[in-house]
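User: Hi! Could you walk me through this one while I have it open?
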Amino acid sequence: MEVKDSNGNLLIEGDSVTITKDLKVKGMAQALKRGTVVKNIRLTNSPSEVEGKAGGSMLVIKTEFIKKA
């Protein structure tokens, strides 16, 4: 299963990615700002989602909102 970012680059476990759009996250006081780096991502069962730690919380982020750093 191939997981690709918004630019079509192949993502692998442990990559660092950058958020390309301000994202409001349920349960968090602040939104994740554009340009936030999420390090050491983990792949999920879905090719359109990755897991990563941002803002002190573990989040599932859609690949359409990230690019490889």
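This is a predicted model: local features need pLDDT of at least 70, side-chain atom pairs count only at pLDDT 80 or more; totals for chains, interfaces and linings use all residues.

User: Great. What's the strand order in the open sheet?
Analyst: The order is S4-S3-S8, with antiparallel pairing. Strand S4 (37-38) and strand S8 (66-68) are the edge strands, each pairing on one side only.

User: And how many bridges join S3 and S8?
Analyst: There are 3 bridges between S3 (residues 17-19) and S8. Among the residues involved, Thr18 has Lys67 of S8 as its bridge partner.

User: Switching topic: is Val3 buried or exposed?
Analyst: Val3 is buried, at a relative accessible area of 1%. Val3 sits in strand S1 (residues 3-4), and beyond its sequence neighbours within four places, its contacts include Leu10, Leu43 and Val50.

User: OK, salt bridges. How many are there?
Analyst: The count comes to 4. One of them joins Lys68 and Asp15, with N to O at 3.5 Å. Lys68 is in strand S8 and Asp15 in the loop between strand S2 (10-11) and S3, so this pair ties together parts 53 residues apart in sequence.

User: Which of those two side chains' residues is buried?
Analyst: Asp15 counts as buried at 12% relative accessibility, while Lys68 is partly exposed at 36%.

User: What does Lys62 pair with?
Analyst: Lys62 forms a salt bridge with Glu49, and their closest N and O atoms are 4.0 Å apart. That links strand S7 (residues 57-62) to strand S6 (residues 49-54), the two residues being 13 apart. Lys62 is partly exposed at 38%, and Glu49 is partly exposed at 25%.

Terms used. Residues are numbered from 1 along each chain as its sequence is written. Side-chain values use heavy atoms; hydrogens and water are left out. Two strands pair if DSSP finds at least two bridges between them. Helices (H or I, at least four residues) and strands (E, at least two) are DSSP runs, numbered from the N terminus. Buried means under 20% relative accessible area, exposed over 50%, partly exposed in between (1.4 Å probe, protein chains only). Contact means heavy atoms within 4.5 Å. A salt bridge is a side-chain nitrogen of Lys or Arg within 4 Å of a carboxyl oxygen of Asp or Glu.
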